[in-house]
Amino acid sequence: MLAGGLIVSTRSSGAGVLAGSGVRFGGRRVCSAPGGIFKADVLTWTIERRLELAKRAELLRKELGELETEVAGLEAAEVVFGQWAEATGGGRRPPGIVSPEPEPAAVTVGPGAGGMRAVPDRVEGMGLEVLTSEYRRIMEIVAGADGPVMAKDVALALGREATPAKIEPVRGQLRKLADRGWLVRTASGRYRPR
């Protein structure tokens with residue numbers, strides 16, 4: 001039976017039943033006028049369906065992203081393989097003259113290499129030769145100054161710009177030298193030789 005644009009069954013199998021001046025759905029009265037058939041249930045169904053479709057759309061977007069990543073990887077592999085095939089004639093000839101790799105140069109171990117500290121803790125009798133060249137240069141600048149120096153002064157003496165990006169690394173190096181016993185840091189944040 002058609003009522004208000006919806007088909008209404010007259011069976012009591014859970015579908016709507018038109019009864020007198022009201023409409024019942026699953027034994028529940030949902031509206032009193034035939035023109036407003038199943039409004040509450042239609043709204044509920046609409047919300048549930050929208051949420052279900054939104055969840056499915058999210059899963060499909062995720063799957064699409066994964067597929068696009070895989071396609072991009074395969075395209076890159078295709079380019080690399082094409083370059084290899086072009087260079088080797090499809091693998092029928094060597095890719096060109098291959099020169100042997102030169103022997104690696106001997107590795108010299110110095111401060112900061114292989115787990116050694118760039119600035120070791122200073123002990124009595126230890127000379128500047130245990131420091132890297134940059135730290136030795138910083139020590140020479142501080143030692144040659146007329147009094148305690150600021151990080152900015154040392155940075156300028158090293159030939160760096162007077163910007164925070166250039167001064168802060170020098171400040172860190174000065175602090176490291178002071179923490180390890182090579183310099184003394186004054187209360188005003190200046191540095192002098194020990």
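At 1.5 Å a residue, the 50 residues of H1 should span 74 Å, and the end C-alpha atoms of H1 sit 72 Å apart, which agrees; the expected span here is 1.5 Å times one less than the number of residues in the helix. The model is a predicted one, so to speak of local features takes a pLDDT of at least 70, and side-chain atom pairs count only at pLDDT 80 or more, while totals for chains, interfaces and linings use all residues. Residues are numbered from 1 along each chain as its sequence is written, and side-chain values use heavy atoms, with hydrogens and water left out.

Stepping back to the whole chain, there are 4 helices and 7 strands, with helices (H or I, at least four residues) and strands (E, at least two) taken as DSSP runs numbered from the N terminus. Read along the sequence, the order is β-β-β-β-β-α-α-α-α-β-β. Of the 194 residues, 20% are buried, where buried means under 20% relative accessible area, exposed means over 50%, and partly exposed is in between (1.4 Å probe, protein chains only). The chain exposes about 14,100 Å², with carbon and sulfur atoms supplying 57% of that area; accessible areas come from the Shrake-Rupley method with a 1.4 Å probe, and for residues only the protein chains shown count as cover. Among contacts (heavy atoms within 4.5 Å) with a separation of 6 or more, 30% join residues 24 or more positions apart.

Back to H1, which covers residues 39–88. Gly 89 follows H1 and has a positive phi, near 65°. Ile 47 has a relative accessible area of 38%, so it counts as partly exposed.

The structure holds 5 salt bridges, each being a side-chain nitrogen of Lys or Arg within 4 Å of a carboxyl oxygen of Asp or Glu. One of them pairs Glu 52 with Arg 49 at 3.0 Å, N to O; these two are 3 residues apart in H1, so about one helical turn separates them. Both partners are partly exposed, Glu 52 at 47% and Arg 49 at 35%. Also in H1, Arg 61 bridges to Glu 58, with the closest N and O atoms 3.3 Å apart, again at a spacing of 3 residues, or about one turn. Here Arg 61 is exposed at 52%, whereas Glu 58 is partly exposed at 46%. An α-helix has 3.6 residues a turn, so residues three or four places apart point the same way.

Arg 171 is partly exposed at 27%, as is Glu 168 at 42%. Gln 173, also in H4 (residues 164–179), is buried at 12%. Beyond its neighbours within four places in sequence, Gln 173 contacts Glu 134, Tyr 135, Ile 138 and Arg 160.

The largest nonpolar core has 19 residues, and those with the most contacts inside it are Leu 131, Val 142, Val 154, Leu 174, Leu 177 and Leu 183. Helices H2 (133–144), H3 (151–157) and H4 each supply at least two residues of this core. Such a core is a set of buried Ala, Val, Leu, Ile, Met, Phe, Trp, Tyr and Cys residues joined through side-chain atoms within 4.5 Å. Not counting residues up to four places away in sequence, Leu 174 touches Ile 138, Val 142, Ala 151, Val 154, Leu 183 and Tyr 191.
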